[in-house]
Amino acid sequence: MPPSRMVEVVENGRRDAMGLRKVDSRASITEADDLDLARLPDRPRIKIERKRSFDERSLSEHLAGGSLRQVDSVESIFSLGGLRSVLDSPSSLGHHSFEPHPMFAEAWDALRKSIVLFRGQPVGTIAALDHASEEVLNYDQVFVRDFVPSAMAFLMNGENDIVKNFLLKTLHLQGWEKRIDRFKLGEGVMPASFKVRHDPIRKNDNLTADFGESAIGRVAPVDSGFWWIILLRAYTKATGDMTLAESPECQRGMRLILALCLSEGFETFPTLLCADGCSMIDRRMGVYGYPIEIQALFFMSLRCALSMLKQDSEGKEFIERIVKRLHALSYHMRNYFWLDFQQLNVIYRYKTEEYSHTAVNKFNVIPDSIPDWIFDFMPNRGGYFIGNVSPARMDFRWFALGNCIAILSSLATPEQSAAIMDLLEERWEELIGEMPLKIAYPALEGHEWRIVTGCDPKNTRWSYHNGGSWPVLLWLFTAACIKTGRPQIAQRAIDLAESRLSKDGWPEYYDGKTGRYVGKQARKFQTWSIAGYLVAKMMLEDPSHLGMISLEEDRAMKPPVKRSASWTI
Ligand code: GLC
């Protein structure tokens, strides 16, 4: 394994020397009313789509009872002013930024080799094609979250069919009855991964899927459904084909996912309560409760769903629930998860045992529980959404994915987005290091590691999920950099990746404080490391791709108060 039958190179259309199909990336996007952003003397002209497309139906429009109101797109969250000023400066990107690197063609080649066929049709990409590794585990499967950067690369290259097939195939799997032992899972749960098995006797392909019943820890992947909705919107945005999203099957699929996370219960917070290991960090790592990764993906998928749900009898109710939830969620996250120097000082001086509505320390966080490292780590300039907030508990760790998604979904206000980027610049050594990007910072060590991970030998300090560096995150980082008008930072990170990634055989992750060592148990030819690099490169070359994964700020969600100086740069 993997059998050569299952993984085949799929040739699709005309390609140039780089393995790229020649497509006009804008041709298919919904009637782009492009605005000339920057004229770069010796580079392709960069344009960003400025016209509101179907997905920018704002929250305020929904609040106004569906009557469409023109939204001033001049203050678009694409940070056009910022992007223009950076791109206008000749030194900003370095002369080599848009020249193809030999790794680019190699990465396309590797990505194509990872394509999985089902009855002759491409339906996804395998997690890792590591021939050297003896243990296949489940790396021969198509993971929903892993396929997202692959899908972005294909969409950017005009290869839309594989993405459509994937969306339909996973939608079909969602319809399966899911059980763990005698317990039946919710209808809307999407699989973590699926596998294509070839039956050589019947000459047929069959699918098996994992909804958590085979996963380590037996946790359902909460992120899969969110990624599915986000990808459906990216597909629609990239192709201009609204028929898929509007089909009764996709509308139902969305509603089933939403029904799972919008149901009413005992919750007192708008954030989504979940178990450890239910997302990219799929092992016990103290990310239970209200982890930032899930909250950011939840927020983004709610916004994506809002743009795609039909106002029909079934959709209407969900739209109303989404609008209310988005309001509450953005308020909660922006206020209680946000940490910067000023806020840290406020928490440091918290009184405890406060009762009633006047409480300042609402969750009764005891200042003694603030870890020592945060006092030195926190720069004067910058801030971020912390890992988790629940009663008497703040997890101060930095998580890259959640913070990038917060920027891209506009969960972060423009000021907060800028502050997150400031932090990344101020703490470059710690958060980017020698190989972008740290998944989480800092690592859990000693007693804490024992208690929090349950002595997990794979998650030892500065390894894997526990402070390891994951090249896949490069694409989300690059998107966040472009959105905040700092493409030069992305370029710096890509340069680092280019110095080693291919030579090291595209590892899944790196270990060590600065990410210097190839991960202890890292797979080689990990598809999302390959795709993440490709997407980062293509986005930097043509920032209009950003629209696929970025949502403009919705004014209706503006926070009522400014909390600290780092918000008002
Ligand atoms: C690991 C990662 C998970 C990923 C899977 C397949 O389990 O933690 O996020 O989806 O590998 O690559």
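**Reading a ligand site, a sheet and some backbone angles**

Author: In this predicted model, an oxygen atom of the ligand lies 2.8 Å from a polar side-chain atom of Gln526. The ligand taken alone exposes 310 Å², and the protein buries 96% of that.

Reader: What distances to an oxygen atom of the ligand do polar side-chain atoms of Arg145 and Tyr464 show?

Author: To read such a pair as a polar contact, look for N or O atoms within 3.5 Å. Here the distance is 2.9 Å for Arg145 and 3.3 Å for Tyr464.

Reader: Which pocket is the space taken by the ligand?

Author: That space is the second largest pocket.

Reader: In what order do the three strands of the open sheet stand, and is the pairing parallel or antiparallel?

Author: In general, the strands of a sheet pair through backbone hydrogen bonds, in either a parallel or an antiparallel way. In this case the order is S5-S8-S9, with antiparallel pairing.

Reader: How many bridges join S8 to S9?

Author: Strand S8 (residues 193–199) is joined to strand S9 (residues 204–210) by seven bridges. To follow the pairing, take residues across from one another: Ser193 stands opposite Asp210, and Lys195 has Thr208 as its bridge partner. Between the strands of this hairpin are four residues, and Lys203 has a positive phi near 55°.

Reader: Where is Asp181, and what is its phi?

Author: Look at the loop between strand S6 (179–180) and strand S7 (183–184), where Asp181 has its place. Its phi is positive, about 55°, although Asp181 is not a glycine.

Reader: What is omega for the peptide bond from Pro436 to Leu437, and is that bond cis or trans?

Author: The bond from Pro436 to Leu437 is cis, and its omega is near 5°. Leu437 is in the loop that runs between helix H15 (428–431) and strand S15 (440–441).

Reader: What is omega for the peptide bond from Tyr441 to Pro442?

Author: Omega is near -10° there, and the bond is cis. To find Pro442, go to the loop between S15 and helix H16 (446–453).

Key. Residues are numbered from 1 along each chain as its sequence is written. This is a predicted model: local features need pLDDT of at least 70, side-chain atom pairs count only at pLDDT 80 or more; totals for chains, interfaces and linings use all residues. Side-chain values use heavy atoms; hydrogens and water are left out. Two strands pair if DSSP finds at least two bridges between them. Helices (H or I, at least four residues) and strands (E, at least two) are DSSP runs, numbered from the N terminus. A polar contact is a pair of N or O atoms within 3.5 Å; within protein, one must be able to donate a hydrogen and the other to accept it, and residues adjacent in sequence count only if both atoms are side-chain atoms. Accessible areas come from the Shrake-Rupley method with a 1.4 Å probe; for residues, only the protein chains shown count as cover. On a 1 Å grid over the protein atoms alone, a cavity is a set of points where a 1.4 Å probe fits but cannot get out, and a pocket is an open set with protein on both sides within 12 Å along at least five of seven lines; lining residues have an atom within 4 Å of a point. A molecule sits in a cavity or pocket if more than half of its atoms lie within 2 Å of its grid points.
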